[in-house]
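Please open the model in your viewer and keep the selection tool at hand. The stops below move from one region to the next, saying at each what to pick out and what is to be seen there.

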Amino acid sequence: PYTGPRIEEILRKRSEFLSPSMFYFYKKPLNIVDGKMQYLYDEDGRRYLDAFGGIATVCCGHCHPDVIEAIINQTKRLQHSTVVYLNHAIADFAEALASKLPGDLKVVFFTNSGTEANELALMMARLYTGCHDVVSVRNAYHGNAAGTMGATAQSNWKFNIVQTGMHHALNPDQYRGAFGSDGEKYAKDVQEIIEFGTSGHVAAFISEAIQGVGGILELAPGYLPAAYKSIRKAGGLCIADEVQSGFARTGSHFWGFEAHGVVPDIVTMAKGIGNGLPIGAVVTTPEIAKVLTRRSYFNTFGGNPVCTAGGLAVLKVLEKERLQENALVVGSYLKGRLENLQEKHDIIGDVRGRGLMLGVELVTDRRSKAPAKAEILRVMDQMKEMGVLVGKGGFYGNVFRITPPLCFTKDDADFLVDSMDLAISKL
Ligand code: PMP
């Protein structure tokens, strides 16, 4: 049993020694001390079904034995920076990762986070095109450094610092958007931004396939092909941010963009790539990758042996345990059950997403779609008491984010939906 510091002591230390900007879920926060596959355990040994997976960070399951073994073996041998010497781990993982991407996307740069990956992608696009302007989609989240904060398009994640050359296009939001599911109509805004907001030439377009932080919003079909066409006509590169939707999560495909029939020029990833390890990556074509040889470029811990050995183990587990297929089968089953729940409870305005990246939006009135901000907190707290952890997000904070480890089972899906059903009934 766990004998370490408990909630009160941790809260005291946090308030004295950690950033006052740190936040947590639940009225009474959880002190998580152990994890095993799709379960998390608190300080009293109480087990919770984890349907959030550390924000889609854990893909093969908490503390998956194969990944742990790879990390431990590499740690015992060597952990350092791979900037000035050779080591096989970074090369092996780059080769395996490149094999998962289509077309000419074959050159990998490793980083330590999603923010770093997107910063690098934006810089490469600017260098390659000689342009500065970038178009991102409203309601997107791409990171919190100067460049990526500019691309992020939700006021609650934006500080008042200089964020230049960023344009935010109409969100192809199938639930609240003006054009419903007609992606091409929303994409006209990308063309108009180029025509009226830039010189006619742009560096890049960056977008998630399913907005994660934004509340699990899958871009309307037809949007990405049309937006990519406008951007490429203006000389820009297309960047797919796969930080949440990548790594088999959507079930139907390994990468989120694949469901939209496009091939990006640059793909960025993080979170699931390391099953909890701090690692991110940018994958692009040999031609675009060359821009970084104009100067010296390195990242001290990007691609370090331990994280890349862990990443390679993650890819092997995804294949060995057929987790993409599981995400499709269990995800489709779970979505069906959530849709049934929507018929029962008026407060559920929308059920959406793909595979094991699902959203449930709560509204107080289906016609006005007024966000049920207070109600979602109560349901979330109740579900925690029943032993189920779900995430929360969306611009109004009224969307359940369901992004469990991909080893989630149908029984887990039933338990989640039953507990949500009961919690909503108690409102
Ligand atoms: N892109 C997306 C789609 C994300 O969801 C996030 C993190 N929520 C990021 C980028 C930034 O990743 P990180 O927090 O690792 O910097």
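Begin with helix 5, residues 114-129, which contributes three residues to the shell around the ligand, the most that any element gives. Keep in mind throughout that this is a predicted model. Widening the selection to the whole shell brings in 15 residues, and the closest of these to the ligand are Ser113, Gly114, Thr115, Gly143 and Val243. If you colour the shell by class, you will find five nonpolar, eight polar and two charged residues.

Next, select the open sheet of seven strands, whose order is 4-12-11-10-7-5-6 and whose pairing is mixed. Its edges are strand 4 (107-111) and strand 6 (166-169), each of which pairs on one side only. From one strand to the next, the twist averages 20°.

Within this sheet, pick out strand 10 (residues 237-241) and strand 11 (residues 266-269), which run parallel and are joined by three bridges. Here Asp241 can be found opposite Thr268 of strand 11.

Now move to the hairpin of strand 2 and strand 3, where four residues lie between the strands and Gly45 takes a positive phi near 80°. Strand 2 (residues 39-42) and strand 3 (residues 47-50) pair in the antiparallel sense, over three bridges, and Tyr39 stands opposite Leu49 in strand 3. Strand 3 also pairs with strand 16 (residues 388-389), in the parallel sense and over two bridges; in that pairing, Asp50 has Leu389 of strand 16 as its bridge partner.

The last stops are two residues with backbone angles to inspect. Select Ala56, which lies in helix 2 (residues 53-56) and which has a positive phi of about 60° although it is not a glycine. Is Ala56 buried or exposed? Ala56 counts as buried, because 28 C-beta neighbours lie inside 10 Å, where the cut-off for burial is 20 or more.

Finish at Cys63, in the loop between helix 2 and helix 3 (65-77). Its phi is near 50°, again a positive value in a residue other than glycine. Cys63 has 15 other C-beta atoms within 10 Å and is therefore partly exposed.

Notes:
Residues are numbered from 1 along each chain as its sequence is written. This is a predicted model: local features need pLDDT of at least 70, side-chain atom pairs count only at pLDDT 80 or more; totals for chains, interfaces and linings use all residues. A residue is near a molecule or strand if its C-beta atom, placed from the backbone, lies within 6 Å of it. Ala, Val, Leu, Ile, Met, Phe, Trp, Tyr, Cys and Pro count as nonpolar, Asp, Glu, Lys and Arg as charged, and the others, Gly among them, as polar. Two strands pair if DSSP finds at least two bridges between them. Axes are lines fitted to C-alpha atoms, for helices over the stretch in contact, and angles run from 0 to 180 degrees between N-to-C directions. A residue is buried if 20 or more other C-beta atoms lie within 10 Å of its own, exposed if 12 or fewer, and partly exposed in between; C-beta atoms are placed from the backbone.
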